[in-house]
Amino acid sequence: MDLEEYYLTNCEWEILKNHKQDILDHFIGQSFQLVDLGAGDAKKTKVLLEHFYKNNASFSYIPIDINRDVLEDLEESLNRDIPGLETLPVLAEYFDALKWIKETQNQKKLVLFLGSNVGNFTKKTAASFLKQMHDVLNEGDMLLIGIDLKKDPNRIIHAYSDSKGVTAAFNINLLRRINDELGGNFDLDKWMHFANYNPSNGAVKSYLVSCENQDVTIEALDRAFHFEAYETIHTEYSYKYSLEEISVLASQTGFEQVKVFMDKGSDFSDSLWRVVK
């Protein structure tokens, strides 16, 4: 995410930095909970946390993640960097956490779903996911959702097939983990990373490509797999949207689009949506 070619991170950082007060303005005079889906190290979220805290906003922070170590590290860093911030980490999957929050917490919520994570779903699945999110939130709750925008196809493909090979190493690491954790015997030198982008539907698709005919066994499955030369393993999607598609997605899933924030280059968007029942 620190690569120059991977523009998404810096674009969203710019948006949050430049529009943090615009976001807070929607909660002036109200107590609310900032719910962070897939919080990780909260590097970008801290832009909002620090601004809200310094401006005496009445809020608490609920980071959600499936990694206990990540949450513990985050809580430690927040205690150090923003002492006094009320933090309630939740170790759970998204919807389990949201259902628990709904049942136990009654304040208004601002849910963060940053980083264009919604792009990792197909567009049909993204709509289903957001509809489920709508259904476990209360009317008037808000969602700040980061979505990468359609743009020059060459710029997009370079973000997912960088010149330093970092993205390739990231994808090859899937095979390394299968070897280490599931008893696989993938020869990593016999695989290469390949990504392509379809400008018509906005889909980046990443693959691992077999460089030759080969057989692989995975002990945990007690199975063997044969791969032909140039046969692929599809590893991920990353869908891009137009502004019109984002507006339609909001209305399709039960939200009202309140405002769209973009970076100066109009490469990325953070959209503020309100739950409508």
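Modeller: Let's start with contact, which means heavy atoms within 4.5 Å. Axes are lines fitted to C-alpha atoms, for helices over the stretch in contact, and angles run from 0 to 180 degrees between N-to-C directions. Helices (H or I, at least four residues) and strands (E, at least two) are DSSP runs, numbered from the N terminus. With that, helix α7 (residues 166-182) lies across β6, β7 and β10, at about 120 degrees to β6.

Colleague: And the ground rules for the model?

Modeller: It's a predicted model, where local features need pLDDT of at least 70 and side-chain atom pairs count only at pLDDT 80 or more, while totals for chains, interfaces and linings use all residues. Residues are numbered from 1 along each chain as its sequence is written, and side-chain values use heavy atoms, with hydrogens and water left out.

Colleague: What makes β6, β7 and β10 an open sheet, and in what order do they come?

Modeller: Two strands pair if DSSP finds at least two bridges between them. Strand β7 (residues 203-210) and β10 are joined by seven bridges and run antiparallel, with Val204 partnered by Ser238 in β10. The order is β6-β7-β10, and the edge strands β6 (191-198) and β10 (232-239) each pair on one side only. Helix α6 (residues 153-160) packs on this sheet as well, touching β6, β7 and β10.

Colleague: Why are β3 and β11 called edges?

Modeller: Seven strands form another open sheet, ordered β3-β2-β1-β4-β5-β12-β11, with mixed pairing. β3 (90-91) and β11 (255-262) each have a single partner strand, so one side of each has no neighbour in the sheet.

Colleague: How do you know that β4 and β5 pair, and in which sense?

Modeller: DSSP gives four bridges between β4 (residues 108-113) and β5 (residues 142-148), in the parallel sense. Phe113 stands opposite Ile145 in β5. Helix α1 (residues 8-24) lies across β4 and β5, among others, and runs at about 40 degrees to β12 (268-275).

Colleague: What makes β1 count as mostly covered?

Modeller: Buried means under 20% relative accessible area, exposed over 50%, and partly exposed in between (1.4 Å probe, protein chains only). Six of the six residues of β1 are buried: Phe32, Leu34 and Asp36 on one side, Gln33, Val35 and Leu37 on the other.

Colleague: Is Asn55 buried, exposed or partly exposed, and why?

Modeller: Its relative accessibility is 41%, so Asn55 counts as partly exposed. Asn55 sits in the loop between α2 and β2. A polar atom of its side chain lies 2.8 Å from the backbone oxygen of His51; a polar contact is a pair of N or O atoms within 3.5 Å (within protein, one must be able to donate a hydrogen and the other to accept it, and residues adjacent in sequence count only if both atoms are side-chain atoms).

Colleague: How do you know that Asp270 has no salt bridge?

Modeller: A salt bridge needs a side-chain nitrogen of Lys or Arg within 4 Å of a carboxyl oxygen of Asp or Glu. For charge, Lys and Arg count as positive and Asp and Glu as negative, with His and the chain ends not counted. The nearest side chain of opposite charge to the buried Asp270 is Lys44, 7.3 Å away. The Asp270 side chain does reach the backbone nitrogen of Gly146 at 3.5 Å.
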